[in-house]
Amino acid sequence: MDQMYRADDGEDIRRDVEAAGEPMIPHVAALGGWSKPISVYDYWQLNRQKIRAQESYNKKWNESATLLPWSAGDESQKQQSQSSRLVDVLISPVAPHTAVPHRTARWTGYTKVCNFLDYAALSIPFGTLEQESSFGGRLPKIHAGDSRERYLRAYVPRNDMDKWNHGLYDSELMDGLPIGLQIIGRRFEEERVLGVAKVAENVIADHRKA
């Protein structure tokens, strides 16, 4: 995915920033300078890889019609209870953390893959990290809890990026910050994604009234 973004070594970004007459902020400047612009031929090859990836994801989504309901029983029931309905949307985090200090967020895989696949995606604040759980205020307050703290202390990161994300967690610094929810739909299904977002907002509103 990153190869697609840096194919022109950031020229497109630089031209827009120069037209605005504004300085390049460090986080955006870091997107360029990784390599020289690639040739048209090499860019075609990248697009061929992108199309193959999109086809693979599309096949996997189509196969969701054969998934079994959570309540499926024995094998005979499973054969009868298969649904022909596709998964409507996917629900995922926006990031592996809440908001963090400037220039400390490094992993954007939850959202970047949607751009790469041309999926329709929308992010909304779903709750806030708080010292105590409750549904008072505009958003549900989600308590990290002692069990979460123990889990984080014992957690062994899988790689350097995971280690970096793990190191960003600070329950006091993140207290009161929003937790993002991402709703992902297939290509050209923006209307469906917006509809699900409205349902999610209604759920939040109902909990706030409770």
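Two residues are in contact when heavy atoms of theirs lie within 4.5 Å. Keep that in mind as we walk through this predicted model, where local features need pLDDT of at least 70, side-chain atom pairs count only at pLDDT 80 or more, and totals for chains, interfaces and linings use all residues. Residues are numbered from 1 along each chain as its sequence is written, and side-chain values use heavy atoms, with hydrogens and water left out.

S92 counts as buried because its relative accessibility is 14%; buried means under 20% relative accessible area, exposed over 50% and partly exposed in between, with a 1.4 Å probe and protein chains only. Leaving aside neighbours within four places in sequence, S92 touches Y110, L181, Q182 and I184. Q182 is 90 residues away from S92 in sequence, yet their C-alpha atoms are 5.1 Å apart.

Now turn to helix 4, which has 23 residues and spans 33 Å from first C-alpha to last, close to the 33 Å expected at 1.5 Å a residue (the expected span is 1.5 Å times one less than the number of residues). Its buried residues are Q45, L46, K50, A53, Q54 and W61, and their cover includes helix 1, strand 1, helix 6 and strand 4. What does Q54 contact, leaving aside its neighbours within four places in sequence? Q54 meets F116, L117 and D118. By contrast, V40 also lies in helix 4, but V40 counts as exposed because its relative accessibility is 55%.

Note on methods: Helices (H or I, at least four residues) and strands (E, at least two) are DSSP runs, numbered from the N terminus.
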